[in-house]
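Subject: Structure handover

Hello,

Here is the structure for you to look through. My notes on what was found follow below it.

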Amino acid sequence: MISFTVTAVVFGVVFLAELPDKTALAGLVLGTRYRASYVFAGVAAAFALHVALAVAAGSVLTLLPQQIVQALTGVLFLGGAAVLLLKKGDGEEEIRKPEDQSFWKVAGAGFMLILVAEFGDLTQIMTANLAARYDDPLSVGLGAVLALWAVAGLGIVGGKALMKRVPLKLITKIAALLMLALGLWSLWEAVAG
């Protein structure tokens, strides 16, 4: 059974944390060079793989005593908030253009870019933390993958327009505040429990 509350919380946290990430910019660059649907197919497949790995790692954490899991996820969320608040803006990375623009070449380029760029990324670690916190792998996985797909879609189709209207610093600060709140809540539960 899917918990819509858990899915919505995970969606919000992962969506806000991924928006200022370099992969949103990479999706924007790929989307301006190639057919958007081909790019999205590759990017979506890579994000699905990353979420599956993160949820599996987070599910293993649920085997630990609950207070330890809450303390660990609290510290990791606080670390994630610090990373978001302290990181410098990334420049656009150069992306090699496939010689032909067939579905498999373009989707493969998007898949490989995200597969490499997102491995061990903040949102993957956050997804594992959320899976450990809520002990609901299906709801966490669904919320995380939908958030990542939404950011990828925005980056591919409308990233330039969004960035003109909403400052990247504001998005980053909102994501950091959400992570800070989740970190403090987890630590409070660990101490109170």
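A residue counts as buried here when its relative accessible area is under 20%, as exposed when that value is over 50%, and as partly exposed in between. Please keep in mind that this is a predicted model.

Overall make-up

The protein has 193 residues, and 43% of them count as buried. Its secondary structure consists of 8 helices and 0 strands, so the pattern along the sequence reads α-α-α-α-α-α-α-α. Taking contacts between residues at least 6 apart in sequence, 94% join residues at least 24 apart.

Salt bridge

Side chains of opposite charge can pair when their charged atoms come close. The count for this protein is 1 salt bridge. The partners are R133 and E189, with their closest N and O atoms 2.8 Å apart. This pair links distant parts of the chain: R133 belongs to helix α6, E189 belongs to helix α8 (residues 168-192), and 56 residues separate them.

Are the two partners buried or exposed? R133 has a relative accessibility of 13%, which is under 20%, so R133 counts as buried. E189 has 22% and therefore counts as partly exposed.

Packing of α1 and α6

Two packed helices are described by the angle between their axes and the distance between the axes. Helix α1 (residues 4-18) packs with helix α6 (residues 122-134) at an angle of about 160°, and their axes are 10 Å apart. Because angles over 145 degrees count as roughly antiparallel, α1 is roughly antiparallel to α6. The crossing of these two helices is right-handed.

On the α1 side, the contact is made by V6, V9, V10, V13, V14, A17 and E18. On the α6 side, T123, M126, T127, L130 and Y134 take part. By type, the residues of this contact divide into 9 nonpolar, 2 polar and 1 charged.

Most residues other than glycine have a negative phi, and most peptide bonds are trans. D135 is not a glycine, yet its phi is positive, at about 50°. Where is D135 found? D135 is in the loop between α6 and α7 (137-165). Its relative accessibility is 52%, so D135 counts as exposed.

To recap the parts that involve α6: this helix packs with α1, and its residue R133 forms a salt bridge with E189. D135 lies in the loop between α6 and α7.

Regards

Note on methods. Residues are numbered from 1 along each chain as its sequence is written. This is a predicted model: local features need pLDDT of at least 70, side-chain atom pairs count only at pLDDT 80 or more; totals for chains, interfaces and linings use all residues. Side-chain values use heavy atoms; hydrogens and water are left out. Axes are lines fitted to C-alpha atoms, for helices over the stretch in contact, and angles run from 0 to 180 degrees between N-to-C directions. Helices (H or I, at least four residues) and strands (E, at least two) are DSSP runs, numbered from the N terminus. Angles under 35 degrees count as roughly parallel, over 145 as roughly antiparallel, 65 to 115 as roughly perpendicular and the rest as oblique. A crossing is left-handed if the near helix is turned anticlockwise from the far one by less than a right angle, and right-handed if clockwise. Contact means heavy atoms within 4.5 Å. Ala, Val, Leu, Ile, Met, Phe, Trp, Tyr, Cys and Pro count as nonpolar, Asp, Glu, Lys and Arg as charged, and the others, Gly among them, as polar. Buried means under 20% relative accessible area, exposed over 50%, partly exposed in between (1.4 Å probe, protein chains only). A salt bridge is a side-chain nitrogen of Lys or Arg within 4 Å of a carboxyl oxygen of Asp or Glu.
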